[in-house]
Amino acid sequence: SEAELQRNFENRIGLIDSSIKTSRLGIEGTRRSLLNLLQRASETELEGKPVAKSLADKINGQHDALQRHQMLLERQLQERGTIDQELASALERYRELKTPTTDGRG
């Protein structure tokens with residue numbers, strides 16, 4: 001039935017929406033961590049000291065992690081849009097199949 005079809009898609013939508021929310025939270029946390037590390041490096045430089053290699057490595061690692069999180073979120077958002085399109089197409093096709101035709105076949 002149409003309701004079952006929508007329920008199945010709603011399950012998929014719910015899963016991807018949860019993943020999107022988790023990704024956004026991950027981006028937020030990673031960004032905060034990166035900003036803290038950058039602030040530490042900035043303070044070190046303002047004191048006229050060189051930034052320790054370990055801190056620079058952490059900054060690079062957090063930057064890479066942030067980019068990975070952002071790419072994952074972008075893929076999830078694209079998948080979410082695709083699911084919406086698939087649902088619309090599936091509902092349209094279902095309704096076409098349920099509509100009686102005038103040639104006596106439906």
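Q: Which residues of α2 are buried?
A: In this predicted model, the buried residues of α2 are L55, I59, A65, L66, L73, Q76, R80, I83, L87 and L91.

Q: What do the buried residues of α2 pack against?
A: They pack against α1.

Q: Which residues of α1 are buried?
A: Here the list is F9, I13, I16, I20, S23, I27, T30, L34, L37, A41 and T44.

Q: How do you know that the end-to-end distance of helix α1 agrees with its number of residues?
A: Let's set one value against the other. Helix α1 covers residues 2-46, which is 45 residues, and at 1.5 Å a residue it should span 66 Å. Its end C-alpha atoms are 64 Å apart, so the two values agree.

Q: What span is expected for α2, and what does α2 reach?
A: At 1.5 Å a residue, 68 Å is expected for the 46 residues of α2. From first C-alpha to last, α2 reaches 67 Å, close to that expected value.

Q: What follows α1?
A: α1 is followed by G48, a residue whose phi is positive, near 80°.

Q: Why is Q6 called partly exposed?
A: Buried needs under 20% and exposed needs over 50%, with partly exposed in between. The relative accessible area of Q6 is 28%, so Q6 is partly exposed.

Q: Where is Q6, and which residues is Q6 in contact with beyond its neighbours within four places in sequence?
A: Q6 has its place in helix α1. Leaving those neighbours aside, Q6 is in contact with L87 and L91. Both L87 and L91 are among the buried residues of α2. Another pair to look at is Q6 and A88: they are 82 residues apart along the chain, yet their C-alpha atoms are separated by 9.6 Å.

Q: What makes the pair E86 and R12 a salt bridge?
A: The cut-off is a Lys or Arg side-chain nitrogen within 4 Å of a carboxyl oxygen of Asp or Glu. The side chains of E86 and R12 meet at 2.9 Å, N to O, so by that definition the pair is a salt bridge. This pair links distant parts of the chain, with E86 in helix α2 and R12 in helix α1, 74 residues apart.

Q: Why do E86 and R12 count as partly exposed?
A: E86 has 33% relative accessibility, so E86 counts as partly exposed. R12 has a relative accessible area of 36%, so R12 is partly exposed as well.

Q: How many salt bridges does the structure hold?
A: The structure holds 7. One of them joins D57 and K53, whose closest N and O atoms are 2.8 Å apart. D57 and K53 both lie in helix α2, 4 residues apart, about one turn of the helix.

Q: Why is K53 called exposed, while D57 is called partly exposed?
A: Exposed means over 50%. K53 has 62% relative accessibility, so K53 counts as exposed. D57 has 38%, so D57 is partly exposed.

Q: Which residues are linked in a network of salt bridges?
A: The network links D17, R80 and D84. Within it, the side chains of D84 and R80 meet at 2.4 Å, N to O. D84 and R80 both lie in helix α2, 4 residues apart. At 37% relative accessibility, D84 counts as partly exposed, whereas R80 is one of the buried residues of α2.

Terms used:
Residues numbered from 1 in each chain as written. Predicted model: local features only at pLDDT ≥ 70, side-chain atom pairs only at ≥ 80, totals over all residues. Heavy atoms only, no water. Helix = DSSP H or I, 4+ residues; strand = E, 2+ residues; numbered from the N terminus. Expected span 1.5 Å × (residues − 1). Buried < 20%, exposed > 50% of the residue type's maximum accessible area, 1.4 Å probe, protein only. Contact = heavy atoms within 4.5 Å.
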